[in-house]
Amino acid sequence: MEITFWGVRGSYPVPGPQTVRYGGQTSCVEVRSSEGGCLVVDAGTGLRALGQKLAREGGGAPGRYHILLSHVHWDHIQGLPFFEPAYIPGTTISVYALLTAADELQQVIGGITRHEFFPVPLEAAPAHFQYHEVEPGVRMTLGEFMVLPIALNHPFGAVGYRIDCDGTSVAYVSDTAPFTDVLHKQHFLRGLETLSEDDRRTLDQIRADLVKALSRCDTVIYDTHFLPDEYARFPHYGHSTPDQALEICVEAGVRRLVLYHHAPGHGDDLMDKIAKEYAEKGEALGIEVVTSFEGMAMVIGGAP
Ligand SMILES: [Zn+2]
Ligand SMILES: [Zn+2]
């Protein structure tokens with residue numbers, strides 16, 4: 001397998017002189033099998049350039065695409081209306097997501113192109129969109145890929161994905177808070193009060209299931225939006241620090257951790273510092289730590 005990062009930011013796009021080297025587009029990763037099979041994980045603004053490449057590769061012919069969404073916050077879906085294959089007649093686009101709202105996925109995702117927001121509704125696009133609800137712990141086979149959705153701790157829920165193919169594995173764990181201070185499912189119902197015993201048990205279970213799902217995974221892409229002092233100020237925002245990601249990945253026996261979903265305010269110079277500091281921390285713990293940047297391609301499972 002090979003993966004390519006088309007957007008590595010969280011929250012909102014930040015193009016400009018401060019983000020030249022790490023990039024300013026939001027969450028989007030392309031996963032390729034050795035046979036040429038393709039999965040898209042998340043549809044942030046990075047999806048636009050990926051869509052242009054896929055349309056070019058297809059020579060304008062209709063194609064079949066699979067897009068796995070972690071959740072439906074803007075920075076994970078905003079690229080969908082700008083995905084070029086959506087405008088090629090005969091194309092089918094399957095979108096997979098956790099059902100996190102009372103509405104149907106079609107209404108939630110299609111809602112981003114309501115006429116007040118966008119000139120052309122997704123349902124009027126020439127491609128045919130199919131929506132599939134995923135369930136944490138229930139595996140799916142998509143072409144040659146085996147995909148396992150994993151529950152995460154994020155406002156209104158999110159899912160990570162472990163993808164096995166070509167005898168190796170990559171996992172995408174974004175967005176998630178750690179499993180200590182806030183249980184997001186409860187947070188919006190009750191506010192940020194002390195966790196009950198039940199909440200703690202639920203968090204322990206989510207964490208245990210995540211570690212199990214990541215067990216011996218070759219490469220894990222993890223939401224490391226915050227530095228530790230930022231997390232201390234915003235524990236209820238639903239994101240982790242590189243230290244929290246390291247703890248989970250070391251416990252799961254992961255070979256390589258990729259820092260991802262960078263905070264929009266972290267410019268290139270700060271990102272360099274973070275990359276260096278955590279590469280060293282990882283080395284001391286026996287795990288390779290790489291900081292993702294827009295355009296970065298990576299072979300999964302070592303050299304081809
Ligand atoms: Zn996000
Ligand atoms: Zn989010």
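1. A residue is called buried if 20 or more other C-beta atoms lie within 10 Å of its own, exposed if 12 or fewer do, and partly exposed in between, with C-beta atoms placed from the backbone. By that count, buried residues make up 46% of the 304 residues in the chain. Please keep in mind that this is a predicted model, where local features need pLDDT of at least 70, side-chain atom pairs count only at pLDDT 80 or more, and totals for chains, interfaces and linings use all residues. Residues are numbered from 1 along each chain as its sequence is written, while chains are lettered from A and ligands numbered from 1 in the order in which they are written.

2. Now for the overall build. The chain has eight helices and 14 strands; helices (H or I, at least four residues) and strands (E, at least two) are DSSP runs, numbered from the N terminus. The radius of gyration is 18 Å, close to the 19 Å that the globule rule gives for 304 residues, so the chain is as compact as a globular protein of that length. Here the radius is taken over C-alpha atoms, and the rule is 2.2 Å times the number of residues to the power 0.38. Along the principal axes, the C-alpha atoms fill a box of roughly 50 × 45 × 40 Å.

3. One example is Phe5, whose bridge partner in S2 is Val29. S2 also runs antiparallel to S3 (residues 38-41), joined by four bridges, and Arg32 has Cys38 as its bridge partner in S3. The hairpin of S2 and S3 has five residues between the strands, and there Gly36 takes a positive phi near 100°.

4. Leu47, Arg48, Leu50, Gly51 and Leu54 are its buried residues. They lie on the same side of H1 because they cover an arc of only 160° around the axis, the arc being that of the directions from the helix axis to the C-beta atoms. Arg56 and Glu57, on the other side of H1, are exposed. The buried residues of H1 pack against S1, S2 and S3. Just after H1, Gly59 takes a positive phi of about 60°.

5. The largest nonpolar core has 78 residues, and Tyr161, Ala171 and Val220 have the most contacts inside it. Such a core is a set of buried Ala, Val, Leu, Ile, Met, Phe, Trp, Tyr and Cys residues joined through C-beta atoms within 7 Å. Strand S8 (residues 145-152) gives the most to this core, with six residues.

6. Finally, compare two loop residues. Ser11, in the loop between S1 and S2, counts as buried because it has 20 C-beta neighbours inside 10 Å. Ala127, in the loop between helix H3 (105-110) and strand S6 (128-133), is partly exposed, with 19 other C-beta atoms within 10 Å. The C-alpha atoms of Ala127 and Pro89 are 5.3 Å apart, although these residues are 38 apart in sequence.

Notes:
Pairing = 2+ DSSP bridges. Contact = placed C-beta atoms within 7 Å.
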